[in-house]
Amino acid sequence: MAWPARVGGASAALRAILLVALGTALLTLSAKVNIPLPFVPMTLQTLVVLMIGAAYGARLGAATLLAYLAEGAIGLPVFAGPVGGIAPLVGPTAGYLAGFVGAAFIVGWLAERGWDGSVPRLFVAMAIGHIVILGLGFAWLAFGAHLGVEKAWLVGVVPFVAASLVKNALGAALLPALRHSLDR
């Protein structure tokens, strides 16, 4: 954890509020770095989602993602492009956005159990997170958006596999480096 978790009372609440605000700000910035694709843009969000999960832990990581989705739902332009509102939460990106919450929780849960102690294990934890995101995104495109399995696979998973591996490697290397620099 970047900030000691063993604080109580008002300090714990302030810590959580500040970390959620920082996380949602980073998610918003990462959404703005995107490559438009036909159904779902490629962004840096998954990298930030997985790093939040690993750095914040399961509960605070998932809470941060829920706060981000709530910010978007009320109309703040936090999603890819200058977009806010309900449309991204029910459109082609809905499954991926739901996957963000699950991935942050799972990666955080694994990190709390020591998976963030080595780069290879953190890479695997983040890969599991990516599988959750891509799996829910695929399922929504195939069945919720009625694209069918083949088209959902081609537009919702295949374009993201190589980038996911790069983001895993980057996240698994960056997080320990950030922790090391914060420890000093």
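Biologist: In this predicted model, which residues does valine 101 touch, not counting residues up to four places away in sequence?

Modeller: Valine 101 touches Ala62, Leu65, Leu66 and Leu69, and each of these counts as a contact because heavy atoms lie within 4.5 Å. Valine 101 itself has its place in helix α5, which covers residues 94-112.

Biologist: Why is valine 101 called buried?

Modeller: The relative accessibility of valine 101 is 17%, and buried means under 20%, so valine 101 counts as buried. For the protein as a whole, 43% of the 184 residues count as buried.

Biologist: How far from valine 101 is alanine 67, when one takes the C-alpha atoms?

Modeller: The two C-alpha atoms are separated by 10.0 Å, although valine 101 and alanine 67 are 34 residues apart along the chain.

Biologist: What is the pattern of helices and strands along the sequence?

Modeller: The protein has 8 helices and 2 strands, and read along the sequence they follow the pattern α-β-β-α-α-α-α-α-α-α.

Biologist: How do you know that the protein is as compact as a globular protein of that length?

Modeller: Its radius of gyration is 16 Å, and the globule rule gives 16 Å for 184 residues, so the protein is as compact as a globular protein of that length. Taken along the principal axes, the C-alpha atoms fill a box of roughly 50 × 35 × 25 Å.

Note on methods
Residues numbered from 1 in each chain as written. Predicted model: local features only at pLDDT ≥ 70, side-chain atom pairs only at ≥ 80, totals over all residues. Heavy atoms only, no water. Helix = DSSP H or I, 4+ residues; strand = E, 2+ residues; numbered from the N terminus. Rg over C-alpha atoms; globule rule 2.2 N^0.38 Å. Buried < 20%, exposed > 50% of the residue type's maximum accessible area, 1.4 Å probe, protein only.
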